[in-house]
Amino acid sequence: MNTNTMRFMLSCLLLLSLPALAEPAKLYATCGACHGDKGQGNPQLQGPVLAGLSADYLTRQMHAFGQGLRGQHPDDKAGQQMAMMAKTLLPEGTDIPALSAYIEAMPIPEQTIRLSGDLKTGNAYYQNNCGACHGGQGQGNPAFKAPRLAGQDITYVRRQFMHFKQGIRGAAKEDKPGRQMAMMANTLPEDKIDDVMAFISSL
């Protein structure tokens with residue numbers, strides 16, 4: 001059993017031991033094992049940045065994981081782990097909205113990873129294919145249920161984009177925003193993906 005698996009199992013046991021309606025900070029202590037103590041993410045564990053995401057989006061994704069709408073594909077190992085974690089939060093009495101609001105209030109970290117690519121081309125394709133939903137500066141758009149991309153770990157953004165494109169994510173019938181994103185992912189030419197990712201990493 002490797003270190004990451006042991007850490008994950010210990011996190012599950014800790015979360016299961018917490019009482020219903022626990023304080024959000026105590027609930028988040030378990031999330032921090034993979035997502036960082038301040039929601040800054042943990043690339044080594046494929047844990048994305050949570051700080052800066054809206055409470056509505058966070059709540060929706062936790063329910064999607066817990067209800068089997070996300071994290072079920074065999075090629076999504078990190079998603080499968082998150083689905084297991086989310087199911088421990090779903091029993092009646094657990095305050096997911098309060099936990100989401102707690103995370104939303106965290107300061108947005110500055111990302112230092114910058115991908116190489118043609119930023120001018122990336123900007124043009126981003127604005128045409130992504131900006132309408134995610135905002136011209138990657139700030140997100142609650143009206144379209146589109147999360148913030150600016151400040152997110154770009155390796156996570158790229159991985160999720162490819163998951164949408166490959167049918168690993170966004171295939172569940174009940175996941176309308178996910179299906180829309182999967183459709184949009186296939187409108188971006190393969191040879192422009194790196195340029196768009198480079199632009200997003202510059203935001």
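What we have is a predicted model, in which local features need pLDDT of at least 70, side-chain atom pairs count only at pLDDT 80 or more, and totals for chains, interfaces and linings use all residues. Residues are numbered from 1 along each chain as its sequence is written, and side-chain values use heavy atoms, with hydrogens and water left out.

Let me begin with helix α3, residues 55-66, and helix α4, residues 77-87, whose axes come within 7 Å and cross at roughly 100°; helices here are DSSP runs of H or I with at least four residues, numbered from the N terminus, and axes are lines fitted to C-alpha atoms over the stretch in contact, with angles from 0 to 180 degrees between N-to-C directions. That makes α3 roughly perpendicular to α4, a term for angles of 65 to 115 degrees. On the α3 side the contact, meaning heavy atoms within 4.5 Å, is made by Met62, Phe65 and Gly66, and on the α4 side by Gly79, Met82, Ala83, Ala86 and Lys87.

Turning to helix α5, residues 96-104, we find that α3 packs against α5 at an angle of about 130°, with the axes 8 Å apart. Residues of α3 including Leu58 and Met62 meet residues of α5, among them Leu99 and Ile103.

Finally, is Ser201 buried or exposed? Ser201, which lies in helix α10, residues 193-202, is buried, with a relative accessible area of 6%, where buried means under 20% and exposed over 50%, with a 1.4 Å probe and protein chains only. Leaving aside neighbours within four places in sequence, Ser201 is in contact with Ile113, Arg114, Leu115 and Ile154.

Note on methods. Helices (H or I, at least four residues) and strands (E, at least two) are DSSP runs, numbered from the N terminus. Angles under 35 degrees count as roughly parallel, over 145 as roughly antiparallel, 65 to 115 as roughly perpendicular and the rest as oblique.
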